[in-house]
Amino acid sequence: MAVRVAVIYYSATGNVHQLAQAVAKGAQSRGAEVRLRRAAELAPDTAIDANPAWRAHVDATKDSVAEATLEDLEWATAYAFGTPTRFGNPSAQLKQFIDSAGAQWQAGVFHNKPVTSFTSAMNRHGGQESTLLALNNVFYHWGCIIVPPGYTDPLLFAAGGNPYGTSWPSGGGEGPDQATLDAADYQGRHLTDIATQLRG
Ligand SMILES: Cc1cc2nc3c(=O)[nH]c(=O)nc-3n(C[C@H](O)[C@H](O)[C@H](O)COP(=O)(O)O)c2cc1C
């Protein structure tokens, strides 16, 4: 049976969405069955409408990417979580989804499943690592096996060399560059390879 990878992310303006797509593609290239899922939007329309890029992304993905459900967590044998930085922490939208998984935690659904994470902040040093470390706190509680990219492939250096997870400083206004998309693709491959080895 193929490894089943759930790539679950939140993105307001599309940067993390692009990283999530690359992670999903990498996992698929290693034979994983993949679900790409977005955490539900929580912000009111007034906030979304105040930022044209946010509105455009919400409209572009509402029908093309399925919303994450708790069943996705049960289905998957490995996870990749993505979120933009919010003041050095994960977004409320992804956290709300995670915080709805108490029953799955209680049932031991997460035990020994490999997990990896990725992020985007506006600034190079605007909280990329702290966001991933904060997500990791959840994974310790879940009893997951955290799979960081580390420096396990030379291509990671070209993407900024973040050993905690792929990260993209979005301040330039354009989406992730090719080196970062390559790192995200690698992260999906790496997660799948580790999950395959763990399965034995
Ligand atoms: C409420 C809020 C808080 C943010 N906090 C930070 C921050 O602490 N550091 C930073 O560099 N960028 C911060 N940002 C910017 C986003 O993390 C950044 O634009 C990210 O690339 C957005 O990803 P997305 O396009 O996937 O939504 C913040 C944005 C918002 C709306």
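Colleague: Which polar backbone atom is 3.2 Å from an oxygen atom of the ligand?

Modeller: In this predicted model, that backbone atom belongs to Gly 14.

Colleague: And what about side chains? How far does a polar side-chain atom of Ser 120 lie from an oxygen atom of the ligand?

Modeller: For Ser 120 the distance is 2.7 Å. Ser 170 also places a polar side-chain atom by a ligand oxygen, at 2.6 Å.

Colleague: How much of the ligand's accessible area does the protein cover?

Modeller: The ligand has 650 Å² of accessible area on its own, and the protein covers 77% of that. The space that the ligand takes is the largest pocket.

Colleague: Which elements give two or more residues to the shell around the ligand?

Modeller: Those are helix 1 (15–29) and strand 4 (114–121).

Colleague: How many residues surround the ligand, and of which classes?

Modeller: The ligand is surrounded by 17 residues, the closest being Ser 11, Thr 13, Ser 120, Gly 126 and Ser 170. By class, 10 are polar, six nonpolar and one charged.

Colleague: Changing topic, which domain does UniProt place at residues 5–191?

Modeller: The unreviewed UniProt entry lists a "Flavodoxin-like" domain there. In the model, the span 5–191 is 44% helix and 17% strand, and its end C-alpha atoms lie 9 Å apart.

Definitions and conventions: Residues numbered from 1 in each chain as written. Predicted model: local features only at pLDDT ≥ 70, side-chain atom pairs only at ≥ 80, totals over all residues. Heavy atoms only, no water. UniProt positions renumbered as here; feature names shortened; annotations may be inferred. Helix = DSSP H or I, 4+ residues; strand = E, 2+ residues; numbered from the N terminus. Near = heavy atom within 4 Å. Polar contact = N/O pair within 3.5 Å; in protein donor to acceptor, adjacent residues only side chain to side chain. Areas by Shrake-Rupley, 256 points an atom, 1.4 Å probe, with all protein chains shown as cover. 1 Å grid on protein atoms, 1.4 Å probe; cavity = no way out; pocket = protein on both sides within 12 Å on 5 of 7 lines; lining within 4 Å. Sits in = over half its atoms within 2 Å of the grid points. Nonpolar A, V, L, I, M, F, W, Y, C, P; charged D, E, K, R; others polar.
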